[in-house]
Amino acid sequence: MVLAFLDCPTGLAGDMLLAALLDLGLPEPAIHRPLAQLGLEGRYRLHHQDGRSGGLRGRRLTVETLEADPPHRSWGSLRQTIATSALEPPLRERVLAVFSLLAEVEGAVHGHAPEQVHFHEVGALDALVDVVGVCAGLLHFQVDRLICGSPPAGHGSVDTAHGRLPLPAPAVLELARRCLVPLASAEGFPPGELTTPTGLALMACWADRFGVAPALVPSQVGIGLGHRELDRPNLLRLWLATPSPESDSRSGPALETVLQQQAQIDDATPEDLAFVVEELRRAGALEVFTAAIQMKKGRLGVLLTALAWPDQAGALREVWWRHGTSLGVREQLQHRWALPRRTLSLSTDLGMVRLKQAGAPGGPPRYKAEHDDLAALARRHGLSLAQVRMAVDDALAKDNALAPPESG
């Protein structure tokens, strides 16, 4: 498992994120290859080199546009280009998620449909390079979990294609509202933009939560420098790390981003529906459940819902198309608060039992035994489930009974 922590004391921007990944050793071909698959080869140039900000070193990146007459890029046309491209499915899903979120918030603040959002809002060439490059970079380093510090958004005003706008930028404010992103205070900073919509949208789609870093052992640190001169180092630091064995049980509740897929079904047999549910779980869904509903003309139906991590969207969609009867699937990103948890093994007088341990704020840890292990011990010893649970409770009361799960 690769854990990443993004420390962003002076804000977030797409070029700073990409610079930090290059500082970590991301090879340029990992950026150029997917951009070429989107038809952008030869339309930009990357300039990056070591630099200094406030006496600290880092990498600074500039994206040079080589398009003499940039084409008009609406979100509707850009989405089609990305969705039908040869990008690897995990990268394609991540890029679509970031731009979909950007289009939704830009459309909301300007009062029109996301499909009508124009290139200067979400499809500018530098935004494409930043979003594709950052997503490709995080996948290159096999980041499984990312925690982001709370970024300051800035204050004052900024010049945009829509004229002079207040800061935080309207899209940044809407992103923070929708995605429950805590914005740090910009008090003490000179007027100006510190966090851009592109930078915040990337973290809103990638970060499991926003806050302080848990206990971890940093293995690599990449530093991306900003272009503005501040009264302090203008940088962000991306740590790649190994989680501390105790970090999951001691950290607080985490804000996670999950994908919800739903369809209303009224033309499948119970057996066929059960098969779809099973296949969605086998494909990696976190949870699958159904609810009885009444549809038009009084027909009885079922609302089938699957929850998954965002990068599993494509694999689950294949299950819907292959085994489901619905002609469409609704998707949306949702946020959930989750207690930290880990799996442990408990030695009891009857045998080993796997436990899920969850950290409870302000109280002792919670434990729940795996039902399959309880059932197996009950059958082996000819006991009831209640008797096996009593043995588990007795073992929990003893010292040194818990151990990490055995490998394999």
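A charge is taken to sit over a ring if NZ of Lys or CZ of Arg is within 6 Å of the ring centre and within 35 degrees of the ring normal. In this predicted model, the charged end of R94 meets that description over the ring of W206, at 3.7 Å from the ring centre.

**Charges over rings**
- R94 places its charged end over the ring of W206, 3.7 Å from the centre of that ring.
- The charged end of R232 likewise sits over a ring, that of F189, at 3.9 Å from its centre.

**Aromatic pairs**
- The count of aromatic pairs comes to two.
- In the pair formed by F5 and W239, the ring centres are 5.0 Å apart and the planes stand at 65 degrees, so the arrangement is edge-to-face; the cut-off for that class is over 60 degrees.
- This pair links distant parts of the chain, with F5 in strand 1 (residues 2-7) and W239 in strand 10 (residues 235-243), 234 residues apart.
- Both F5 and W239 are buried.

- Q260 belongs to strand 11, which spans residues 254-265.
- With a relative accessible area of 10%, Q260 is buried, because the limit for that class is under 20%.
- A polar contact at 3.3 Å joins the side chain of Q260 to the side chain of Q334.
- Neighbours within four places in sequence aside, the residues in contact with Q260 are T305, A306, L307, R330, E331, Q332 and Q334.

**Backbone geometry in loops**
- Most peptide bonds are trans, and most residues other than glycine have a negative phi.
- The peptide bond from L167 to P168 is cis, its omega being near 0 degrees.
- P168 lies in the loop between strand 6 (163-167) and helix 7 (170-179).
- L180, which is not a glycine, has a positive phi of about 55 degrees.
- The loop that holds L180 runs between helix 7 and strand 7 (192-193).
- L180 has a relative accessibility of 46% and therefore counts as partly exposed.
- K297 also has a positive phi, near 60 degrees, in a residue other than glycine.
- K297 is located in the loop between strand 12 (287-294) and strand 13 (300-308).
- The relative accessible area of K297 is 80%, so this residue is exposed, the cut-off being over 50%.

Methods: Residues numbered from 1 in each chain as written. Predicted model: local features only at pLDDT ≥ 70, side-chain atom pairs only at ≥ 80, totals over all residues. Heavy atoms only, no water. Helix = DSSP H or I, 4+ residues; strand = E, 2+ residues; numbered from the N terminus. Buried < 20%, exposed > 50% of the residue type's maximum accessible area, 1.4 Å probe, protein only. Polar contact = N/O pair within 3.5 Å; in protein donor to acceptor, adjacent residues only side chain to side chain. Contact = heavy atoms within 4.5 Å. Phe/Tyr/Trp six-rings, centres within 6.5 Å; stacked < 30°, edge-to-face > 60°.
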